[in-house]
Amino acid sequence: MMATQPQHLIDQNDDALMAQVAARDTSALRLLADRHAEIGWRIAYRMLGDRQEAEDVAQEALLRLWQHADRWQPGGSGVAAWLTRVATNACLDRLRRRRFVADDAIPELADESPLADETIEEDEVRNAVANCIEALPERQRAAIVLTYYEERQNRMAAEILAMQVKAFESLLFRARGSLRDCVESKGVVA
């Protein structure tokens with residue numbers, strides 16, 4: 001999609017594009033979406049386990065970027081970090097709402113890819129880990145997703161979750177312990 005964007009926009013950094021978005025330039029927003037929308041989708045999919053809901057969260061994050069563009073402060077942590085924070089918080093909100101709507105366990109999603117004999121064990125481990133991540137409390141789940149899937153440094157992940165670094169590290173330590181215990185209880189990891 002980026003090839004269809006005006007060249008003067010493609011060459012601009014994110015801060016310059018945000019100034020254009022604040023001036024209601026939809027082409028600038030489209031370019032930022034091309035550059036960064038996948039971040040919100042990846043986080044949401046890993047936290048929520050649903051492709052459609054992940055799409056909704058990514059779109060919600062971009063809508064908020066559009067709505068709050070006039071408040072953008074250049075030179076900050078950047079659009080990617082901002083979208084990461086918004087998507088993570090949107091996921092936490094959705095998870096909290098799920099908890100109040102139904103106390104039932106979230107049903108497992110069917111694996112859409114066929115299993116081959118040589119990958120059955122890998123799939124069992126991957127599914128056990130995914131199920132265990134889904135079973136973690138929301139903030140622990142966010143800590144695992146941001147650290148291991150989004151590869152955020154502890155400082156950045158703590159900032160996204162509005163925590164002190166030491167508190168985040170403690171949260172991550174508890175999350176890893178809970179995840180390890182859960183996976184071991186499923187008997188797929190020695």
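**Entry 1**

I looked up V57 and found that, leaving aside residues up to four places away in sequence, V57 touches G40, A44, L48, A87, A90, C91 and R94; contact means heavy atoms within 4.5 Å. The model is a predicted one, in which local features need pLDDT of at least 70, side-chain atom pairs count only at pLDDT 80 or more, and totals for chains, interfaces and linings use all residues. Residues are numbered from 1 along each chain as its sequence is written, and side-chain values use heavy atoms, with hydrogens and water left out.

I checked C91, a contact of V57, and recorded C91 as buried because its relative accessibility is 0%. Buried means under 20% relative accessible area, exposed over 50%, and partly exposed in between, with a 1.4 Å probe and protein chains only.

**Entry 1: the whole chain**

I counted 9 helices and 0 strands; both are DSSP runs numbered from the N terminus, helices being H or I of at least four residues and strands E of at least two. Of the 190 residues, 38% count as buried. Among contacts between residues at least 6 apart in sequence, 63% join residues at least 24 apart.

I located R94 in helix α5 (residues 79–101). R94 counts as buried because its relative accessibility is 16%. Besides V57, the residues R94 touches include L48, E53, D56 and E60, not counting residues up to four places away in sequence.

The search returned 11 salt bridges, each a side-chain nitrogen of Lys or Arg within 4 Å of a carboxyl oxygen of Asp or Glu. One of them joins E60 and R94 at 3.3 Å, N to O. E60 lies in helix α4 and R94 in helix α5, 34 residues apart. E60 is partly exposed, at 23% relative accessible area.

I also recorded the pair R35 and D14, at 2.8 Å, N to O. R35 lies in helix α3 and D14 in helix α2 (residues 14–22), so this pair ties together parts that are 21 residues apart in sequence. R35 counts as partly exposed at 27% relative accessibility, whereas D14 counts as buried at 19%.

I compared the span of α9 with expectation: 21 residues at 1.5 Å a residue should span 30 Å, and the end C-alpha atoms are 30 Å apart, which agrees. The expected span is 1.5 Å times one less than the number of residues. The buried residues of α9 pack against α6, α7 and α8; F168, L171 and C182 are among them.

I found 1 disulfide in the whole structure, defined as a pair of cysteine sulfur atoms within 2.5 Å. The disulfide joins C132 to C182, S to S 2.1 Å. C132 is in helix α6 and C182 in helix α9, 50 residues apart. The link is left-handed, with -80° about the S-S bond. C132 counts as buried, at 1% relative accessibility.
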